[in-house]
Amino acid sequence: MMSELIRVGMADYKVGRSPASLISYGLGSCIGIAFYDSSTKVGGLLHIMLPDSSQARSNENPAKFADTGIPLMLNDMIALGAVKTRIVAKIAGGAQMFKFANATDIMRVGERNAEAVKAILKDLNIKLIASDTGGNYGRTVELKLETGVYRIKTIDKGEKEL
Amino acid sequence: MTDEILNLSADQLDALREIGNVGAGNSATALSQIISRKIDMTVPKVEIMPLGDVPDVVGGPDAMVVGVFLRVYGLAPGSVLFLLPRDSAFYLIDMLMGKERGTTKNLDFMDESALMEIGNILAGSYLNALSHFTKLTLLPSIPALALDMAGAILSVVLVQLGQMGDHALVIETEFLSEDDGIRGHFFLIPDPGSLNTILAAVGVK
């Protein structure tokens, strides 16, 4: 039987349990943050666009930002039975798709996203066990809740499992 | 607070559609001259949609596309993005290089350069029309190119919009070649403050 594939959109997050998989397509400068508790096989995938909700004019959707999205997903996972001290994180994305000589801050948002996510995970005492960020190419990410494997697909940079 | 673009009047949306029409008409003519073929364009769509839905316009976030991206400088800054499904881009290269259809299977340095130049010409003619219409000086940056997933390429502009709200105003035109072999999408995405400048310049409230 095929296990359920749950799609996570941009500025969105989903939590679930084994044997489902969580997938998010076509990340550029965005980051896909995967949380997993291997004992309960509960996990979550969050697709953030921006590092910091306090710097944005509109912050109605908490899942758009690293600082507001991460705690939200964490709480939903705990509600599903995950235990915070067992949760580990893997992240992917944060590319800079186009290179410009005079890259403004917004062009470097991928890098700033990655930095922000790492700092927030540290603050929350969540261990970051693998990351695949940067570069100038898109990524599709899939978290398999049966195993906790985080699969990264690209167009011409191959596939890898974190 | 809600997105300011959700409060645009019907007249304002009409004005934006007309701007898209004039600009895209100019671009379509330019493209048709380059490849010596008739190019049809659709009536521009002016749509306000949730950010996450924008990649669906070009076949979903994991569709493989070639994107030529330019920043627009001047009094109404913004971004221009020309997206071609991968196969359309290959066919366009075949035509430009005088090769048989189906020859191009990946992009080499020359092909990329040619596509960037096409993006440059299209954006230039689009912005010319827009400048003329609004009397605002608008200048394109040098183009940048990527062959990748639509979602990843679009994220460049969606992230900018994401700082201001959860919706995108997309002025979009589809180009079609006579034999249907080329489909391109041309997006003009004004920076948040620029929309008011453009609307004020054409005198629509």
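User: Where in chain A is A:A11 placed?
Analyst: A:A11 is in the loop between β1 (5-7) and β2 of chain A. Helices and strands here are DSSP runs (H or I of at least four residues for helices, E of at least two for strands), numbered from the N terminus. Before we go on: this is a predicted model, where local features need pLDDT of at least 70 and side-chain atom pairs count only at pLDDT 80 or more, while totals for chains, interfaces and linings use all residues. Residues are numbered from 1 along each chain as its sequence is written, and chains are lettered from A and ligands numbered from 1 in the order in which they are written.

User: OK. What's the phi of A:A11?
Analyst: It's near 60°, a positive value in a residue other than glycine. Most residues other than glycine have a negative phi, and most peptide bonds are trans.

User: And is A:A11 buried or exposed?
Analyst: A:A11 counts as buried because it has 24 C-beta neighbours inside 10 Å. The cut-offs: buried takes 20 or more other C-beta atoms within 10 Å of the residue's own, exposed is 12 or fewer, and partly exposed is in between, with C-beta atoms placed from the backbone.

User: What about A:K41, what's its phi?
Analyst: A:K41 has a positive phi of about 55°, and it is not a glycine. You'll find A:K41 in the loop between β4 (31-37) and β5 (42-48) of chain A. With 19 C-beta neighbours inside 10 Å, A:K41 counts as partly exposed.

User: Which residues does the cis peptide bond join?
Analyst: A:S18 and A:P19, with omega about 10°. A:P19 is in the loop between β2 (12-17) and β3 of chain A.

User: Zooming out, how many helices and strands does chain A have?
Analyst: Two helices and ten strands. The radius of gyration of chain A is 15 Å, close to the 15 Å that the globule rule gives for 162 residues, so chain A is as compact as a globular protein of that length. That radius is taken over C-alpha atoms, and the globule rule is 2.2 Å times the number of residues to the power 0.38. Buried residues make up 47% of the 162 residues in chain A.

User: How many residues of chain A are in contact with chain B?
Analyst: 29 residues of chain A are in contact with 28 residues of chain B; contact means the C-beta atoms, placed from the backbone, lie within 7 Å. On the chain A side, strand β3 (residues 21-27) gives the most, with three residues. By class, that side of chain A has 16 nonpolar, eight polar and five charged residues. Nonpolar covers Ala, Val, Leu, Ile, Met, Phe, Trp, Tyr, Cys and Pro, charged covers Asp, Glu, Lys and Arg, and the others, Gly among them, are polar.

User: Now chain B. What pattern does it follow along the sequence?
Analyst: It reads α-β-β-β-β-α-α-β-β-α-β-β-α, with five helices and eight strands. The C-alpha trace of chain B spans about 50 × 35 × 30 Å along its principal axes. Buried residues make up 45% of the 205 residues in chain B.

User: How far apart are the end C-alpha atoms of helix α3 of chain B?
Analyst: They are 37 Å apart, which agrees with the 38 Å that the 26 residues of α3 (residues 109-134) should span at 1.5 Å a residue. The expected span is 1.5 Å times one less than the number of residues.

User: At what angle do α1 and α3 of chain B cross?
Analyst: Roughly 145°, and the axes of α1 (residues 10-35) and α3 of chain B come within 8 Å. Axes are lines fitted to C-alpha atoms, for helices over the stretch in contact, and angles run from 0 to 180 degrees between N-to-C directions. The contact of α1(B) with α3(B) has 13 nonpolar, five polar and no charged residues.

User: Last one: what does B:G119 touch?
Analyst: B:G119 lies in helix α3 of chain B and touches B:V68, B:L70, B:F82 and B:P143, not counting residues up to four places away in sequence. With 26 C-beta neighbours inside 10 Å, B:G119 counts as buried.

Terms used:
Contact = placed C-beta atoms within 7 Å.
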